[in-house]
Amino acid sequence: MKKLLILLLMIPLIGNAQNVTHNDSSITMRERGARDAELHYHRAGGAKAGTFLTTFLAGGIAGLVPAIATSSTPPNYKRLDFPDSTLMQDPDYRNAYIKKAKKMKQGKVWGSYVLGIACTFAVYLIALAILA
């Protein structure tokens, strides 16, 4: 009974392993571009820092300005950190890579905005506790 239970628990893991390990011939250039962006694009530091600092120091309304401005623009081509320049010549790969990198940048920027609001709120709570 114990062996059967272990086997039943392992079946989903075996099925997922087949889906995760693609060989390059079975995936499209779009899928590869999106996957490579997840692996290689790690920038957006300036956009994150600017959004956080503006939100924290000037407030939530003022923080919306850099958050909207930086999240609406795609990442700079020079900062994409793509693994192979020949792959970027394929339009499907390039568009998927840039689209995924932009989504990642947007997530980081809006995360910084929320963090700035949370930190401002925490400072207000601490100030209230000290003054009370």
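Me: With which residue's side chain does the side chain of Ser 71 make a polar contact?
Reply: This is a predicted model, in which local features need pLDDT of at least 70, side-chain atom pairs count only at pLDDT 80 or more, and totals for chains, interfaces and linings use all residues. Residues are numbered from 1 along each chain as its sequence is written, and side-chain values use heavy atoms, with hydrogens and water left out. Ser 71 lies in helix α4, residues 60–72 (helices, H or I of at least four residues, and strands, E of at least two, are DSSP runs numbered from the N terminus). A polar contact (N or O atoms within 3.5 Å, one able to donate a hydrogen and the other to accept it within protein, with sequence-adjacent residues counting only if both atoms are side-chain atoms) joins the side chain of Ser 71, at 3.2 Å, to that of Trp 110.

Me: Is Ser 71 buried or exposed?
Reply: Leaving aside neighbours within four places in sequence, Ser 71 is in contact (heavy atoms within 4.5 Å) with Pro 66, Lys 102, Gln 106, Val 109 and Trp 110. The classes rest on relative accessible area (buried under 20%, exposed over 50%, partly exposed in between, with a 1.4 Å probe and protein chains only). Since the value for Ser 71 is 6%, this residue counts as buried.

Me: Which backbone oxygen does the side chain of Thr 55 reach?
Reply: Thr 55 has its place in helix α3, which covers residues 45–58, and with a relative accessible area of 1% it is buried. Beyond four places in sequence, its contacts are Gly 60, Gly 63, Tyr 113, Gly 116, Ile 117 and Thr 120. At 2.7 Å, the side chain of Thr 55 reaches the backbone oxygen of Thr 51.

Me: What distance separates the C-alpha atoms of Val 114 and Thr 55?
Reply: Val 114 sits in helix α5, residues 91–131, and counts as exposed because its relative accessibility is 53%. Val 114 and Thr 55 are 59 residues apart along the chain, while the separation of their C-alpha atoms is 8.5 Å.

Me: Why is the pair of Trp 110 and Tyr 113 classed as it is?
Reply: The chain has 4 aromatic pairs, a pair being rings of Phe, Tyr and Trp (its six-membered ring) with centres within 6.5 Å, stacked if the planes are under 30 degrees apart, edge-to-face if over 60, and tilted for the rest. For Trp 110 and Tyr 113 the centres lie 5.5 Å apart and the planes stand at 80°, so the pair is edge-to-face.

Me: About how many helical turns separate Trp 110 and Tyr 113?
Reply: Trp 110 is partly exposed, at 32% relative accessible area, whereas Tyr 113 is buried, at 12%. Because they are 3 residues apart in helix α5, their separation is about one helical turn.

Me: What fraction of the residues in the chain is buried?
Reply: The secondary structure comprises 5 helices and 0 strands, which follow one another in the pattern α-α-α-α-α. Of the contacts with a separation of 6 or more, 76% come from residues 24 or more positions apart. Among the 132 residues of the chain, the buried fraction is 22%.
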